[in-house]
Structure formats: C-alpha cells, structure tokens
Amino acid sequence: MFIQPRPYDHPDAVKLNDQVQLEYAARYGDGGDATPLDAAMFDPPQGLYLLAYDEQSRPVATGGWRTQDRNAEGYSDGDAEIKRLFVVPEGRGRGLARRILAALEADARAAGRTRMVLETGDRQPEAIALYASSGYTPCDKFGHYRLYDTSVCMAKPLTGPAQNT
C-alpha cells in the first residue's frame, strides 16, 4: 500500500467519492453527503487530499483536510476539517484509515492548524470508534449537518507534540 497526494477532483478520488456517497445513502436513506466541496478547498497549504493505492495501483482509500476558521457554521479559528475519510470494503482492516488520518493530522499541524475537527454520523460506529481511539472527543456541533440529530462532531487538538495514532 502506498499513499499519494492527489487533487480532490482526480479521477481516482472521484471514483472513491462516488463509492462513499453510495455507502452514506445506504446507511442514512438519503442522497449522500450534501456538504458543499470543491477541489480548491484541498489545495496545499490550505488543505490536502490523499489517496491510498494497493499493490495493483488500485485506489482503496481516501481522505482530506481543509482549512476552516470561525464562521456561522460553528467552526473555530485554526480548525482543519477532515473530509471523505473512506476505505473500500475490500481494503478495510489493514489500518489504512488510521494511516491516512495520521498523515492528515501531521500535514494540518505543519500548516499551522491548531485543531482537527470532523463530522460523522451515528450510523457509522466504526468511524466513531476509529476517531475515539485516535484521541478525538465529542465537541459542539458545526458544519453542514450541525442541526441534524444523526450528526456526531469530534475534535482533537493539534498543538503540542505529535501523538501516535
């Protein structure tokens, strides 16, 4: 497995985004995540988008972070928001999500961000468990789904020494 930075609109990223949207739709009975995103949000140094590839160069995991600062959706100055952390079903159980998460945290920290935040849903218990085991704790709701009962928001400080995840 190898992890590479790619644009959010790279064909492999689009392919995995389509897959995660289908999974969201199945879990929540809707059309998927409607959070407005565009490729420029993930351009360094304001963000980063990563893809993991298997030994046959097939994309198997993805994730990115984007800069957020205080705004009406409940973000705080210095936030870095995780988006689209996803591993295809056949790639799960290999630690890929944890590796991508650690790389995103390190990059956001290097970019001067002070807190990593994420919004997931209550029908994604494996995601919640991953984040909790990586040092994330529940926080005030923010973002596109902040008014939804199914929304789960978590945060982790990025200041201080890097933490192993």
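In this predicted model, strand E4, helix H2 (residues 96-110) and strand E5 form a β-α-β unit that is right-handed, a word used when, with the strands pointing away from the viewer, the path from the first strand over the helix to the second runs clockwise. Helices (H or I, at least four residues) and strands (E, at least two) are DSSP runs, numbered from the N terminus. Because the model is predicted, local features need pLDDT of at least 70 and side-chain atom pairs count only at pLDDT 80 or more, while totals for chains, interfaces and linings use all residues. Residues are numbered from 1 along each chain as its sequence is written, and side-chain values use heavy atoms, with hydrogens and water left out.

Strand E4 (residues 79-87) has nine of its nine residues buried, so this strand is largely enclosed by the rest of the structure; buried means under 20% relative accessible area, exposed over 50%, and partly exposed in between, with a 1.4 Å probe and protein chains only.

| E3 (residues 59-68) | antiparallel | seven | Gly64 with Lys83 of E4 |

Within helix H2 lies Ala97, which counts as buried because its relative accessibility is 17%. Leaving aside residues up to four places away in sequence, Ala97 touches Leu85, Val87 and Leu130, where a contact means heavy atoms within 4.5 Å. Between Ala97 and Pro11 there are 86 residues of separation in sequence and 20 Å in space, C-alpha to C-alpha.

The protein as a whole has three helices and seven strands, and from the N terminus on its elements run β-α-β-β-β-α-β-α-β-β. For 165 residues, a compact globule would have a radius of gyration near 15 Å, and the protein agrees with its 15 Å; this radius is taken over C-alpha atoms, and the globule rule is 2.2 Å times the number of residues to the power 0.38. The C-alpha trace spans about 40 × 35 × 30 Å along its principal axes, and 45% of the 165 residues count as buried. Among contacts between residues at least 6 apart in sequence, 65% join residues at least 24 apart.

Cysteines remain to be described. A disulfide is a covalent bond between the sulfur atoms of two cysteines, and here the term is given to a pair of cysteine sulfur atoms within 2.5 Å. By this rule the count is zero disulfides. Cys139 is in no disulfide, its nearest cysteine sulfur being that of Cys153 at 5.4 Å, and this distance is too far for a bond. Cys153 itself counts as buried, because its relative accessibility is 4%.

Terms used: Pairing = 2+ DSSP bridges.
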